[in-house]
Amino acid sequence: MMKGKGALNANLKLSLPPSAEISFAKFLTESGTFKDGDLLVNKDGLRIVSQSEPEAPPLIKPSVTDNDNQLSIEDFDAIKVIGKGNGGIVQLVQHKWTGQFFALKIIQMNIEESARKQIAKELKINQSSQCPYVVVCYQSFYTNGAISIILEYMDGGSLADFLKNVKSIPEHYLAAICKQVLNGLMYLHHERHIIHRDLKPSNLLINHRGEVKITDFGVSAIMTSTQGLANTFVGTYNYMSPERIIGGNYGNKSDIWSLGLVLLECATGQFPYSPPEQAEGWTNFYELMEQIVEQPPPWAPSEQFSPEFCSFISACLKKDPKERKSAHELLALPFLNMYDDLDVDLSSYFNNAGSPLATL
Ligand code: ATP
Ligand code: MG
C-alpha cells in the first residue's frame with residue numbers, strides 16, 4: 001500500500017476494472033469526451049459503455065480490485081470540508097478532467113487486514129446501487145487506516161442541516177420528501193435486501209433539484225459488523241427501534257420506525273422524545289433507550305396536524321414491528337397523495353427556505 005500524509009495526499013488509488021484499461025490523454029475527442037474501449041469520460045461523468053449496449057451506458061462504478069488499472073485520488077482537487085460526522089469528515093472534491101463535483105467521505109478506522117477485506121467486499125456491494133433515491137457510491141478504498149468513499153455530491157446538504165434553518169417542515173413538503181425516502185427504502189429493502197440501520201435526518205441528503213436521497217446505508221452495516229474494531233465510531237442511537245434496543249431480531253421494519261421519528265421531528269421541529277425535566281438534553285443514553293422501550297410510542301398531535309399525517313406517523317411508530325407497515329404498504333396511505341393538487345415544488349423550497357444552498 002502506498003504511504004501518504006493527509007486525506008487527499010494519501011496516494012489512494014481509484015481502481016478500474018480490467019475492461020476499462022485506459023490512457024486518457026490519448027482519447028480526447030472534439031466533444032470533450034475521453035474514450036477508450038469501454039470507458040467514456042466527459043463533463044457528465046464517467047461511464048462504462050458496453051459494446052453490446054451502446055445506447056444505455058450506466059454511470060461507472062469501478063470496483064475495488066487489486067489490479068493495477070487505477071486512477072489516482074490526485075485526479076481530484078479538494079475544494080472544502082462540507083461536513084463532519086462522528087467517524088470522519090466529508091469533503092467537496094472536483095474531478096480534474098471532467099470538472100464534476102463529488103463528495104469524498106473519509107472515515108478513520110485502524111483495523112486489521114481481515115476486517116479490511118470484509119469492508120472492501122461490503123463497499124463493493126454498495127457500489128452497485130442504481131436507484132435515484134439512494135446516493136450513488138462511485139468508489140471506495142481502504143488506505144493508511146482510513147476508508148475513503150467517493151459519493152454523489154448533494155448540494156443541499158442533509159435534512160438535518162436544512163431543518164436547523166427552517167425549524168420545521170410543513171406537511172405538504174413532508175409528503176413529497178417522504179415519498180422519495182420510501183422509494184429509496186423500497187429499493188434497499190425489497191430489491192437489495194439491505195436494512196439501513198442508521199436512518200436519521202443527517203443521512204437524508206437533498207439537492208437543488210428537489211431530490212431527496214438516502215445515504216450511508218453500507219457504512220452503517222460495516223460499522224455494525226465491525227463495531228468492536230472501529231475505535232472512533234460512536235453512532236446516534238436516538239432513532240433506533242425498540243426491537244433493536246432490546247437486542248432482539250430486527251429487520252426492514254426497524255428502518256420504518258426510524259423514518260417515523262424523522263418525519264415527526266421534521267414536522268414538530270423537535271426530537272419526539274423529550275429528556276427528563278431539568279436536563280438540557282439526553283445526557284443519559286440509557287434513559288432514552290428505556291423510554292423508547294418502556295413508554296408508548298410518540299404520536300403527532302391531532303390539533304396541529306391532519307388526520308392523514310397522524311395516522312401515517314402511527315403506522316410507522318408501532319412498537320411491535322409486526323404491526324408496523326412496510327415501505328410498500330406506507331406508499332399506499334392517503335397522507336402521501338393528499339397534497340398532490342398543490343404541485344409541491346421541493347426544488348424552490350430547498351433553494352429558498354433556510355439559508356441558500358451551496359453554489360458551485
Ligand atoms: P454520524 O457520523 O453521526 O452518522 P453524519 O451522518 O452527520 O453523522 P457524515 O455521514 O460523516 O456524518 O456526514 C457529515 C455531513 O456531511 C452530513 O451531515 C452532510 O451535511 C454532509 N454530507 C455527507 N455526505 C454528503 C454528500 N454526499 N453530499 C453533500 N454533503 C454530504
Ligand atoms: Mg451520515
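**Close-up views of a predicted model**

**View 1. S158 and the residues it touches.** Leaving out residues up to four places away in sequence, S158 touches P201, S202, L204 and L205. Look for S158 in the loop that runs between β10 (146-152) and α2 (159-166). This is a predicted model, and in it S158 has a relative accessibility of 5%. S158 therefore counts as buried, since the cut-off is under 20%.

**View 2. K105, a position with a UniProt annotation.** Here we turn to strand β8 (residues 101-108), where K105 has its place. An unreviewed UniProt entry carries the annotation "binding site" for K105. Is K105 buried or exposed? With a relative accessible area of 15%, K105 is buried. Setting aside neighbours within four places in sequence, K105 is in contact with I89, V90, I147, S148, I149, L151 and D216.

**View 3. The largest nonpolar core.** This core has 59 residues, and those touching the most other members are I169, F312, L330 and Y349. Which helix gives the largest share of this core? That is helix α3 (residues 171-191), with 11 residues.

**View 4. F312 up close.** Again without residues up to four places away in sequence, F312 touches C178, L182, L263, L330, L333, F335 and L336. One of these, L330, is itself among the residues that touch the most other members of the largest nonpolar core.

Notes. Residues numbered from 1 in each chain as written. Chains lettered and ligands numbered in written order. Predicted model: local features only at pLDDT ≥ 70, side-chain atom pairs only at ≥ 80, totals over all residues. Heavy atoms only, no water. Core = buried A, V, L, I, M, F, W, Y, C linked by side-chain atoms within 4.5 Å. Buried < 20%, exposed > 50% of the residue type's maximum accessible area, 1.4 Å probe, protein only. Helix = DSSP H or I, 4+ residues; strand = E, 2+ residues; numbered from the N terminus. Contact = heavy atoms within 4.5 Å. UniProt positions renumbered as here; feature names shortened; annotations may be inferred.
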